[in-house]
Amino acid sequence: MALLELRNVEAYYGPIAALKGVTLDVNEGAIVAVLGANGAGKTTLLKAISGALDPEAGTIRFAGAEIQKRAAWDVAAAGIAHVPEGREVFRHLSVADNLKMGGFLRRDAGGLAADLERIFGYFPALRARVREMAGNLSGGEQQMVAIGRALMARPRLILLDEPSLGLSPLLVQEIYRIIGRVKADSGVAMLLVEQNAKMALDVADSGYVLEGGRIVLAGSAERLRSNEDVKEFYLGIRDAGVRGVRRWKRRKQWR
Amino acid sequence: MALTDARIPAGCDTVAKLFRHTAAARGERVALMHKDYGVWQATTWRGYAEQARHTGLGLAALGLRPREVAAILAETIPEWLFTDMGIMGTGAVSVGLYPTSSREQVEYIVNDSGARFLFVEDEEQLDKVLERRERMPRLERVVVYDTTGLKRFSDPLVMSYDELLALGRAEAERAPGAWDALVDATRPEDRAILVYTSGTTGPPKGAVLSHANLVFAIDRWGEMAPTHDGDDTLAFLPLCHMAERMMTAMRPLAYGGVVHFAESPETVLENLREVSPTVFFAVPRIWEKLHSLVTMTLQDATPLQRALYGRASAVAHAVADRRMAGKPVPFGLRALYALAELAILRNTKRLLGLSRARLIGSGAAPISQDIMRWYVALGIPIFEIYGQTECSGIATFYRPEEFALGTVGKPLSGTEVRLSAEQEIVIRGPHVFQGYLNKPERTAEAIRDGWLHTGDVGAFTPEGRLKIVDRKSDIIITSGGKNITPSEIENKLKFSPYVTDAIVIGDRRNYLTALVMIDQENVTKYAQTNRIPFTDYASLTRAPAIKDLVWAEVEKVNKQLANVERIRKVHLLDILLTAEDEEMTPTLKLRRKFVNEKYKKEIEAMYGG
């Protein structure tokens, strides 16, 4: 049994179907990437899991229990931390307070202090700015705060929504290096939604391609990386052809 | 019947002359409609003729001589027709290539036909040619219709269509009588077009059709499916396919009407609703798709709507059955039918884009009789054509009012259709082709003692109507010695909204099995409604509940079949095949030979291998 199991999850914004029956699994300790263009339903997918949005139909099981009807705080308590798109740090709170907010459901003061240390270990840049108002931090630092805040909850699963969004290439690499390290250290599972397909597939164990609210391709990261459609449409690898430039795109087949 | 008299004007004994005559007679009437950036644009007959003339003169200026060959590799777009008529006007031979052709296929046809000029749609098609240019030594020039993305590209082999038209325009000004002289010089016995038919074994064969063949077929179109200037049609099949070539390029040369071009093969259903043609010819795949669209729409309807549809459909079928049997329809039933039309049937037709249709046709492949009956019940006159490329696309037909469902009707007047000693359908008449290019031995196999051997096995009804049994080579003989015609069973399977296509297997086997391609849209919808988990297409085909769904559909068909004809096992194809795959024809039908070869392992598994 997988840690997280989605079965035929559908979600709507009014009459518009954003998820049209999504089925996916995240195994304990694994990183699973969900690739997709703008509007494919990636963010909706994470919101449906974390309880920020109620799915219209389908089941979401986490560690064996159905969670699709639960409130967001209840889902968080069950062990799922959501790092939303665009960081969403508490801008007027200090970095320290932001991180502590992540552990608001915990009662073990000693553990909290140790975890704070661990997070500074991952993100040394934050230690220096611990008293700073989070809103004054750079985008990359805010992303670190958001991930750190999620880790403070000691989750079994982190939902990461486009951690690379708006960051410089160097910072993207940095963030992904840390994501890899966190996984190796703590064995926390991650469901990673990304437009930066290359970064995501490099760190992920398996992945899904979401298009128009439906999964069109599923498989190991290796399988996805070698898929011709993923290559052309997500990794930007294209055979330049005889003329050295090729503007037309192949037809997607997803097989 | 006045419309069908004197269909071909005097002196128009070639396609080129007929085109010139018709274009001049119709002048400012609209001939073609296509979409530019989402807006419909009209081309008049005068404009059509001018484009064709400039194309032809441009080619002549570049050195194309009568009886030489030029080829077209493009989707169904107006330029295809301009070029086709331009090539034929110079007395040269026009050959079409499927836009889904691989570069190897392009190379083969260019070389086999000896084409000196090749027209390609765009950058994508051009790349196919450039990748194989060294292997096509006789190809002198490639003309590109849409040069988007090629601004900075220059190559002596390649020119734009606009450049060619400019060349032709200059030529027209320099020598005003040149075009008429070329057209006048065309002769009925000359080759007009080459149509490559995909051989199931061996390379494609180029069927040679003369001007006389085509002019005869155009003439006979009028007795088969009379159309006129008020008609709107929709073109969407590849134009190199004989059915669309006749319907869209040839038929209007005698009967006029406005041809609308679908935006792309993917938007056919939307365009159908938008254009709402009065006459629509399509392949069975489209008729099946439209039927399943209604079936699936009903599943989303309220119970009341469903009940109403069920009632209306029952009334409509009762009326259709009586009409087909030639029995009078009692007043009560007629009144109910009027009600059903008002309440349900009218909207159904509107949903399908057939609300204005006065004539619809099916051909190019066998179609399920249940599907045909359904359209008759809707009150849309449907006709069916039987033919093949080698007889200019038409051999027999029946008109809607004849209700000859289950048969393909009677031969065209002036032609003969018979059965050989082996029950093979053989055809003789002015529409029979000249032979296959460069393949005398294949020609000798096809035309024996003056009769075209179709490769189809048939039978005649007592009224003299032809029934198609199956392709001679497709007939299954089970190990028990029973003769079984797979296409009949396959058509029954395809009636299900969940089945797009199927191949029945069982030659020299103990029992029958089938490979099934599911309808992605409808099966996905079913899975969603019934909470059947799946990720991608392959996992959908492997879901036990989906296998059960398809099996239930198979069982429905099995009930209508004799014991030996029953399907014992099915395998669902786990990749979604497209026209670009060799397993599929450009008219979106599975190719038996390729599929059998490719899925050998899966087939053996169904026989315990």
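## Sheet of chain A

Strand S6 (80–83) and strand S7 (residues 157–161) of chain A run parallel and are joined by 4 bridges. Within this pair, A:Val83 stands opposite A:Leu160 of S7(A). The model described here is predicted.

The two strands belong to an open sheet of 6 strands in chain A, with the order S6-S7-S8-S3-S9-S10 and mixed pairing. S6 and S10 of chain A each have a single partner strand and stand at the edges, so one side of each is left without a neighbour in the sheet. On average, neighbouring strands of this sheet are turned by 15° against each other, direction ignored. Strands of a sheet pair through backbone hydrogen bonds, in either the parallel or the antiparallel sense.

## Chain A overall

Chain A contains 10 helices and 10 strands. Its radius of gyration is 19 Å, close to the 18 Å that the globule rule gives for 255 residues, so chain A is as compact as a globular protein of that length. Taken along the principal axes, the C-alpha atoms of chain A fill a box of roughly 60 × 40 × 35 Å.

Of the 255 residues in chain A, 45% are buried. Contacts in chain A between residues at least 6 apart in sequence join residues at least 24 apart in 68% of cases.

## Contact between chains A and B

The contact between the chains involves 21 residues of chain A and 20 residues of chain B. On the chain A side, the elements that give two or more residues are strand S1 (4–13), strand S2 (16–26) and strand S10 (214–220). S10 of chain A is also an edge strand of the sheet described above. By class, the side of chain A that touches chain B has 9 nonpolar, 6 polar and 6 charged residues.

## Domains of chain B

Chain B is divided into domain 1 (14–186 + 225–266), domain 2 (282–432 + 445–472) and domain 3 (475–606). The C-alpha centres of domain 1 and domain 2 of chain B lie 32 Å apart.

Where these two domains meet, 5 residues of domain 1 of chain B are in contact with 8 residues of domain 2 of chain B. The domain 1 side of this contact has 5 nonpolar residues, with no polar and no charged residues.

## Sheet of chain B

In chain B, 8 strands form an open sheet with mixed pairing, in the order S7-S6-S5-S3-S4-S8-S9-S19. Strand S7 (158–160) and strand S19 (435–436) of chain B are at the edges with a single partner strand each, so one side of each is left without a neighbour in the sheet.

Strand S3 (residues 69–73) and strand S5 (residues 117–120) of chain B pair in the parallel sense over 4 bridges. In this pair, B:Ala71 has B:Leu118 of S5(B) as its bridge partner. Helix H4 (residues 103–113) of chain B packs on the sheet, where it touches S3, strand S4 (93–97), S5, strand S8 (191–197) and strand S9 (205–210) of chain B. The direction of H4(B) makes about 160° with that of S3(B).

## Helix H15 of chain B

Helix H15 (residues 369–378) of chain B is mostly covered, with 7 of its 10 residues buried. The buried residues are B:Ile371, B:Met372, B:Trp374, B:Tyr375, B:Val376, B:Ala377 and B:Leu378.

These buried residues of H15(B) pack against helix H12 (284–299), helix H13 (303–324) and helix H14 (331–352) of chain B, and also against strand S13 (359–362) and strand S14 (382–386) of chain B. After H15(B) comes B:Gly379, whose phi is positive, near 90°.

A:Glu162 is not a glycine but has a positive phi of about 50°. A:Glu162 lies in the loop between S7 and helix H7 (169–186) of chain A. Is A:Glu162 buried or exposed? A:Glu162 counts as buried because it has 22 C-beta neighbours inside 10 Å, and the cut-off for burial is 20 or more.

B:Asp449 also has a positive phi of about 50° without being a glycine. The loop that holds B:Asp449 lies between strand S20 (447–448) and strand S21 (451–460) of chain B. B:Asp449 counts as exposed because it has 8 C-beta neighbours inside 10 Å, and the cut-off for exposure is 12 or fewer.

How values were computed
Residues are numbered from 1 along each chain as its sequence is written. Chains are lettered from A and ligands numbered from 1 in the order in which they are written. This is a predicted model: local features need pLDDT of at least 70, side-chain atom pairs count only at pLDDT 80 or more; totals for chains, interfaces and linings use all residues. Domain bounds come from an automatic or database domain assignment. Two residues are in contact if their C-beta atoms, placed from the backbone, lie within 7 Å. Ala, Val, Leu, Ile, Met, Phe, Trp, Tyr, Cys and Pro count as nonpolar, Asp, Glu, Lys and Arg as charged, and the others, Gly among them, as polar. Two strands pair if DSSP finds at least two bridges between them. Axes are lines fitted to C-alpha atoms, for helices over the stretch in contact, and angles run from 0 to 180 degrees between N-to-C directions. The radius of gyration is taken over C-alpha atoms; the globule rule is 2.2 Å times the number of residues to the power 0.38.
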